[in-house]
Amino acid sequence: MDAGRRLTFGDFSLDLTSQRLWYRDEVAPLTPKAFAVLRRLVEDRGQVVFKEELLRAGWAKTHVSDGVLKVAILEIRRALGDDAAAPSFIETVPRRGYRFIGPRASQAPAAVDPRGAPVGRDRVLAQLADRLASAVGGERQLVFLSGEAGIGKTTVIDALLAHAAFEPELTIARGACLEHYGAAEAYLPVLEAFGRLLREPGAERVIRILRSHAPTWLAQLPWVDRESSPAPSLGVTNERMLREMAEALEALSAATPVLLVLEDLHWSDHSTLDLLAMLGRRQESARLLVVGSYRPVDAIVTGHPLRALIQELRVRRQCEDIALPFLREQHVAAYLAQRFGGHAFPSELARAVHQRTDGNPLFMVRVLDELVALRVLEPEDDRWRLRGSVREISHAVPDSLRALVEKQIDRLQPEAQRVLEAASVLGTEFTAGSVAAGLDLDPLAIEDRCDELVRQGQFLSAAMLFLRPDGTQVARYRFIHSLYPHAIAERVPPGWRLRLHQRVGEWLERAYGGQVAAIAGSLAWHFEEAGDYRRAIHYLVLAAGNAAGRFAYADALRVLQQARSLVHHLAADARPALEVDLLQRMGDAHYGRGEWIECSEAYEAAVRAAAAGSTSTQIHALRGMIRPFGVLDPDRGIAAIEQAVRLSATVDDPLLRARTELLAAGIRLTYDTWRANDWEICAAANETIHRLSDAGPAAFDRVSYAQLQVLRGDYAGALENLEAGVPKENESTSIMVPMFARSVTTLALLYSGRLGELVQLLRTGRDLAETNGNEPWLFVFREAWLRTVMLDFAGARELCKAMAARSTAAYWRGPSRSIDGIASGYAALERGKYDDAARSFATVLDPTKIPKFFLHWCWRLNAQLGLADAWLAAGRLQKARLAADRFLESALSTAEPNLQALAWEARARVAMAENDRDAAEDKIEKGLAILQAFKIPTTAWRVHATRSDIYRQAKNDTAAEGHRARAEAIVLALANSFASDDPVRDAFLAAAPVRRILRPRGGNQGAREPRVPR
């Protein structure tokens, strides 16, 4: 908001409200174009502003020559008394542009009147000054300023900023919520405040702090070069954005005190309220004062959560709520003395004005403006006098501000009236281009008309230039008070209102082209007001995507709910597909928040809605059911996807059928059991998708197939598929695919032996999840899996127990109990507790104790291996052979080479224990043959170690040593892929099976000496 602001440099100041240049107490003549050029130069003090940028600032959308700019610069220099040869303010940069080299501009609002401060606000201003002093002293402050429309909240804030301008090195950021767009634009006032801050002198320091402490916020500011700091995506949520901004404000305040002003919070989005709550609750010291203004009645009527937040913070003494009272009669008298110095008014005038306005400051000012315009108040002999009696005022002035505005509008020229009426329909702020589009007039003519109203101080003020995503700057205006557009809009006939919104919406679509997502909230509002509900829903979906891009999933949900409320306006045959799409997007948003039950409810509602639609719509709805129920109830998810397959066979859409078959067969393979037929279905479906998809498979299909590649041992192919496909996913699965992809990536890295990369991914992901306030279940379970493979059974158990203590949800018990059961079994085996070990492994194998979960069959096969190891260690060879045979049979029923190699190795050890040398030789060679076809280092060292034992039993020491050395080399390569001080590395090297194959210390030629703890 530029209303009431000034940029002061030396004895000069730019009044951004009236667009005037002041020299001390006098106005220095300057045309509007020259004013715009000077303002741009002052705001970019010390930086070269190129000619093209200055031409856009003063002559947007107009093709003019450089000569016009030179004339404007000459006019500016004359007004400033500047010498081009020895400049003090404007320096010419040859062939490039100009640079402002004058004193640093301080930003302060203009006073209500050049001769005084706001009347009747001394106590409030003293309170705010005291809170600012406390903040400067290191005690964070959160203050809410409340009052009804016209009570003077902005005026008080302006006065506070004028006072704050005297505070050395104070960082001031100011933003405001906008009516209509608040729910659709997450963090709107905060982004506006920082957007302004980053366009002022000294912005480099702020950018450095944001890059360090709040990179996700920096990613939301399109005019900042983000090449050196790409937007993070792994594990980022709304909680992380909140924490980042809180920490960034604290870092900023460590260098200079920070004053953050957020106005009109009764229109705020919910994410901004979350940020205010966090700022109020944090205990860390900060030189920070946050001031927020709001209208209590508006917040109560709309059920806005602001009031509940303030009440909660007040109870905890974490904020202060200052209510602005209406002015008293003596305050009106003080204002008369301030505005009409040395007047000769009768004392009754103050009483009459107070009674007419009830002490509403805005109404009071406009009533006096009206009396001056009617010449009821008129200067005579250097003194202001009242013409007529005080009683006549009631006849001359309407009894409401709305009626007064109506009367003042009627005195304007018809062209100006029409401009204001069109602008009022567009909201509190607007651009000349949008009004021109609505009226089908020349934008320059509209801009000239608006500039004239600004100069006359009638209804409008010049707002900060609007920056489009392509860098184009557009003149923007703002009604001096939000009451004006409401009052003026009532003059607009409904039919014209509809046409105006439609025209403006279509004009914005053309103007933004492929970048319409940047103004999705605005477009949704225009088309909803125009009755173009299909377009409105489309842009609400884009707005929800914008909110999700800021990890504000709660705001995304509210926008999607608004979109759902419009679906009934569409034709009956168009509703089901759209309803399904919106419900699934809502389910994705719940998934992003970790709300599994709500996610499932949304997807179930989508299935019910699809029943009224086409078969393709029903298939689409059923396909999505696996997302929530893969976590909650896999059998239900499998049943839904199989129903989708049956339906897909009835439609003439081979691509949809192939995608559905790929998903269904892949789900059966991972959540039920491995079947060769299902793999053949997946391979054929994948081939069909590649053949029929011009743009290639969708990301969700790529990840689904990559998961199956991992289970078949094609780790490199899976990783390549993941890297190629994930960034291209559509909106409806964008929340799901990254989590799915990370899950598959961890397994591919584990079995391919890239353990250093895996550990980095797991630790980073876990830290980010915990920082964001999310459960790090995926990363905890994958690290437990890693520790089990690396024989760190104690570490795996600790992770599972810690996760179980953090979350008691039933849907996490499967993976937690399985990993813990296997780790507990091997821990018991190390202690010689063979029966205890067997019971632990048997528990994992029992489906009544551990139901289905993702890749449950893989863990049950590992439990079968554990049983064979337990009975073999106990010397119960018959039981060992039976368990090993079952493991081998089960492993061979899959295509998983890792399990198959382990199964042959286990069967070879049993045969060796039975002194069946031929069988041992046969089994181990089959295991080695698998390792010739697949590179699986985490299993290969075991197989080579057993091959060495078999050769040694046969007295072939040379061959035995060759395989032992091969096993040792693999072990050391795995160990050395970790950081040297990683506890998993130490546990691996200390494990008995590993120590048995390592050379004695000092005999390791050329290899890094392993650190084996005593």
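This is a predicted model: local features need pLDDT of at least 70, side-chain atom pairs count only at pLDDT 80 or more; totals for chains, interfaces and linings use all residues.

Modeller: Residues are numbered from 1 along each chain as its sequence is written, and side-chain values use heavy atoms, with hydrogens and water left out.

Colleague: Is D269 buried or exposed?

Modeller: D269 sits in the loop between strand 11 (258-263) and helix 10 (270-281); helices (H or I, at least four residues) and strands (E, at least two) are DSSP runs, numbered from the N terminus. Buried means under 20% relative accessible area, exposed over 50%, and partly exposed in between, with a 1.4 Å probe and protein chains only. Because its relative accessibility is 2%, D269 counts as buried.

Colleague: With which side chain does that of D269 make a polar contact of 2.8 Å?

Modeller: A polar contact is a pair of N or O atoms within 3.5 Å; within protein, one must be able to donate a hydrogen and the other to accept it, and residues adjacent in sequence count only if both atoms are side-chain atoms. A polar atom of the D269 side chain lies 2.9 Å from the backbone nitrogen of Y187. The side-chain partner at 2.8 Å is T272.

Colleague: Which residue is the bridge partner of E380 in strand 15?

Modeller: Two strands pair if DSSP finds at least two bridges between them. Strand 14 (residues 377-380) and strand 15 (residues 383-386) have four bridges and run in the antiparallel sense. They form a hairpin with two residues between them, and D381 in the turn has a positive phi of about 55 degrees. The partner of E380 is R383.

Colleague: How many disulfides are there?

Modeller: A disulfide is a pair of cysteine sulfur atoms within 2.5 Å. C177 is buried, with a relative accessible area of 1%, and C858 is buried at 3%. By the sulfur distance rule, the number of disulfides is zero.

Colleague: How many residues apart are R140 and E250?

Modeller: A salt bridge is a side-chain nitrogen of Lys or Arg within 4 Å of a carboxyl oxygen of Asp or Glu, and the count by this rule is 58. The side chains of R140 and E250 form a salt bridge at 2.6 Å, N to O. R140 lies in the loop between helix 4 (122-136) and strand 9 (141-146), and E250 in helix 9 (residues 238-255), so the pair links distant parts of the chain, with a separation of 110 residues. Both R140 and E250 are buried.

Colleague: With which residue does R881 form a salt bridge?

Modeller: R881 has a relative accessibility of 30% and therefore counts as partly exposed. The closest N and O atoms are 2.6 Å apart, and the partner is E914.

Colleague: How far apart are the end C-alpha atoms of helix 26?

Modeller: Helix 26 is mostly covered, as 16 of its 18 residues are buried. The expected span of a helix is 1.5 Å times one less than its number of residues. For the 18 residues of helix 26 (residues 575-592) this gives 26 Å, which agrees with the separation of the end C-alpha atoms, 26 Å.
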